[in-house]
Amino acid sequence: MKEKLEQLKTEALLALKSVKDKMQLEELELKMLGRKSGQLTELLKGLKDVSEDARKQIGQIANEVKKEMEKALQSKKNELAQAEMAGLLEKEYIDVTQPVLPAKTFGHLHPNTIIQKDLEEFFTSMGFMVLDGPELESEYYNFTSLNIPADHPARDMQDTFYIKGHSDWVMRTHTSPVQVRSMQKYGAPLRAIIPGKCFRNEATDVRHEHTFYQLEGLVIDKDVNFSHMKGVLEAVFQHIFGPETKIRLRPKFYPFVEPGVNGEVTCFLCKGIGCRLCKQTGWLEVFGAGMIHPNVLAEGGIDASKYQGFAFGFGLTRLVMLKYGIEDIRLLESGSLKFLEQF
Ligand code: PHE
């Protein structure tokens with residue numbers, strides 16, 4: 001039995017050498033020292049067949065062998081734990097001398113916002129306030145206050161979204177409702193722009209979208225006339241499209257202005273010669289404008305015999321498309337990063 005014990009020890013120590021991880025170690029421990037069916041236990045079962053003296057002696061040796069094996073197992077355990085730690089350290093190693101990588105940019109402005117901010121700055125430099133108004137608007141402000149009575153066909157020009165259960169609420173079709181709102185709030189004289197989101201019930205395609213941006217502007221004072229309006233608009237479009245830009249005003253009916261105009265600027269791409277962008281006309285249609293109708297001033301609580309003013313509305317979305325050469329309006333509200341990351 002003595003030899004067998006020695007042999008068991010040698011075997012165990014040898015096996016231990018090839019142990020590579022915790023699992024193997026546990027397996028070996030169980031196989032050698034397991035209480036129920038470990039090899040040592042099995043071996044010691046034979047003790048009952050030897051003499052009392054021999055039993056004592058062998059028992060002692062068995063104890064030593066067990067202790068030695070336990071010690072060897074323990075030191076292997078430590079060795080494995082150390083190796084594991086070293087591996088972890090290696091993985092988490094940081095080279096503090098490495099040069100800093102370029103910072104990841106976390107975001108940037110939407111093209112609408114870029115143009116909007118630019119225009120806000122330009123207008124504030126001319127003494128305009130920047131105002132806001134509700135997107136869910138009353139039918140009164142969106143239409144009636146702007147000289148568009150309920151049965152007027154001009155309502156059909158701007159088909160909107162009505163709100164179920166609130167027949168007098170609409171998603172605003174233009175930023176013009178803020179004209180009367182701001183007159184009521186600030187009175188005259190007044191100089192303000194109102195950039196914001198508008199909605200129309202459109203069948204969408206590359207040029208039409210149900211959600212888009214406009215920028216409204218109005219000036220009310222004692223001696224404001226049509227040439228002031230032209231001067232301001234010229235300054236704005238020269239700021240956006242360059243100093244050679246000219247503007248052209250042609251009569252157009254809007255119920256809330258009189259006279260009303262449709263405003264065009266010389267095509268910045270062909271400089272007025274005619275190209276694909278301007279459909280060979282040399283002009284791009286970008287705004288509506290006119291002298292504020294006395295009925296609208298009256299709705300705003302302003303005495304039309306003392307004050308007059310002009311108003312204009314740009315398609316802000318259209319300016320963005322022209323400026324950046326965006327051919328499909330739907331991209332702007334799409335949330336597509338592939339598109340947005342270009343700006
Ligand atoms: N609100 C008009 C539109 O959406 C534009 C406009 C604004 C026209 C102000 C005249 C004066 O088409």
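Visitor: How many nonpolar, polar and charged residues does the lining of the largest cavity have?

Guide: Rolling a probe the size of a water molecule over the atoms shows where empty space is left. In this predicted model, the lining of the largest cavity has 8 nonpolar, no polar and no charged residues (Ala, Val, Leu, Ile, Met, Phe, Trp, Tyr, Cys and Pro count as nonpolar, Asp, Glu, Lys and Arg as charged, the others, Gly among them, as polar). A cavity is a set of points on a 1 Å grid over the protein atoms alone where a 1.4 Å probe fits but cannot get out, and lining residues have an atom within 4 Å of a point.

Visitor: Which residues line the largest cavity?

Guide: The lining consists of Ala 12, Leu 13, Leu 16, Leu 28, Met 32, Met 69, Ala 72 and Leu 73. Helices H1 (2-17), H2 (22-33) and H4 (52-91) each give two or more residues to this lining; helices are DSSP runs (H or I) of at least four residues, numbered from the N terminus.

Visitor: At what angle do the axes of helix H9 and helix H11 cross?

Guide: Two packed helices are described by the angle between their axes and the distance between the axes. The axes of H9 (residues 226-241) and H11 (residues 316-324) cross at roughly 35 degrees and come within 11 Å; axes are lines fitted to C-alpha atoms over the stretch in contact, with angles from 0 to 180 degrees between N-to-C directions. Phe 237, Ile 240 and Phe 241 in H9 meet Leu 319, Leu 322 and Lys 323 in H11 (contact: heavy atoms within 4.5 Å).

Visitor: Which conventions apply?

Guide: Residues are numbered from 1 along each chain as its sequence is written, and side-chain values use heavy atoms, leaving out hydrogens and water. Local features need pLDDT of at least 70, side-chain atom pairs count only at pLDDT 80 or more, and totals for chains, interfaces and linings use all residues.

Definitions and conventions: On a 1 Å grid over the protein atoms alone, a cavity is a set of points where a 1.4 Å probe fits but cannot get out, and a pocket is an open set with protein on both sides within 12 Å along at least five of seven lines; lining residues have an atom within 4 Å of a point.
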